[in-house]
Amino acid sequence: ANWSGDVVPSAADEVTIPDLSGTPTITSNGAVAVLTLTSAERIDVNGGSLSVSGTASFNGGLTLSDGTLTIAGTATVNQSLDWTSGTINGSGTTTVVNTATLTISTGSGKSLDAHTLVNNGTATLSGANLAFNSSALFDNNGTFNATDGAGLTRTNGTPTFQNDGTFNKSGAGTSTQVSSNINFNNTGTVNIDNGTLLLAKGSSS
């Protein structure tokens, strides 16, 4: 990449990636740490780590196909978040806006670790489990679709799935299980269209 001043950004830098010609994807497969990040292009974290200590705006979308995304401040996904493998962690909050999508699919090894992930848009879980660690919080204010046998598992700690929106279970003949060590708090709507939703710990409303 041709960075301003021909210097690779560091942890103290505020990074802006403008709308470039064509439809490029910016791939991070090393260890990258910045202060803030605003990108008009899609960012793909694949096998390395991307750490943002301040604010991040993923205006062109975000792909996590391996590696670790660390958000210590606040991050906003304004297009789509496609998550097939890897970890999201950090003491901050990542928000998928109401016009965006969150796709959690296929690959194994997906982990929400001591981080708050807020879905205000449409989220879909399929293909493989999503693991919760420590004090992880998934806050669904939009629509969450569990479409097959993929479930929510817990590795350690006391994580929470908070449903303030709509949780839909579909997939005839499939079961989606929420681990007994995950607090499933529901103030919204849960629809069982097909299949089975197993709340091992029960739920609170």
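1. Start with the term: a salt bridge here is a side-chain nitrogen of Lys or Arg within 4 Å of a carboxyl oxygen of Asp or Glu. By that rule the count comes to one salt bridge. Before going on, note that this is a predicted model, in which local features need pLDDT of at least 70, side-chain atom pairs count only at pLDDT 80 or more, and totals for chains, interfaces and linings use all residues. Residues are numbered from 1 along each chain as its sequence is written, and side-chain values use heavy atoms, with hydrogens and water left out.

2. Which side chains form the salt bridge? They are those of Arg42 and Asp82, at 3.6 Å from N to O. The pair links distant parts of the chain, with Arg42 in strand β5 (residues 42-45) and Asp82 in strand β11 (residues 80-83), 40 residues apart. Strands, for the record, are DSSP runs of E with at least two residues, numbered from the N terminus. Arg42 is buried at 17% relative accessible area, while Asp82 is partly exposed at 27%. The cut-offs are under 20% for buried, over 50% for exposed and partly exposed in between, using a 1.4 Å probe and protein chains only.

3. Now the sheets. The angles come from axes fitted as lines to C-alpha atoms, and run from 0 to 180 degrees between N-to-C directions. Pairing requires that DSSP finds at least two bridges between two strands.

4. For a close look at that sheet, take strand β16 (residues 116-119) and strand β19 (residues 137-140): they run parallel and are joined by four bridges. Thr116 sits opposite Leu137 of β19.

5. There is also an open sheet of nine strands with the order β2-β5-β8-β11-β14-β17-β20-β23-β26, again with parallel pairing. Here β2 (25-28) and β26 are the edge strands, and each has a single partner, so one side of each is left without a neighbour in the sheet. The twist averages 10° from one strand to the next. Within this sheet, strand β14 (residues 101-104) and strand β17 (residues 122-125) pair in the parallel sense over four bridges, and Leu102 has Ala123 of β17 as its bridge partner.

6. β24 runs parallel to β27, with four bridges between them. Ser175 is opposite Thr196 in β27.

7. Where does the largest nonpolar core have its most connected members? The core holds 42 residues, and Leu37, Phe58, Phe132, Phe138 and Phe161 touch the most other members. A nonpolar core means a set of buried Ala, Val, Leu, Ile, Met, Phe, Trp, Tyr and Cys residues joined through side-chain atoms within 4.5 Å. In soluble globular proteins, nonpolar side chains tend to be buried together. Leaving aside neighbours within four places in sequence, Leu37 is in contact (heavy atoms within 4.5 Å) with Val15, Ile17, Leu50, Val52, Thr55, Ala56, Ser57 and Phe58.

8. Two polar residues deserve a look. Gln162, in strand β22 (residues 160-163), counts as buried at 17% relative accessibility. The side chain of Gln162 makes a 2.9 Å polar contact with that of Asp164. A polar contact is a pair of N or O atoms within 3.5 Å; within protein, one must be able to donate a hydrogen and the other to accept it, and residues adjacent in sequence count only if both atoms are side-chain atoms. Beyond four places in sequence, Gln162 touches Leu137, Phe138, Asp139, Asn140, Asn185 and Thr187. Asn186 lies in strand β25 and is buried at 12%. The side chains of Asn186 and Asn163 are joined by a polar contact of 2.8 Å, and a polar atom of the Asn186 side chain lies 3.1 Å from the backbone nitrogen of Gly188.

9. Last, Gly195, in the loop between β26 (189-192) and β27 (196-199). Gly195 is partly exposed, with a relative accessible area of 31%. Not counting residues up to four places away in sequence, Gly195 touches Lys169, Gly171, Ala172, Gly173 and Thr174.
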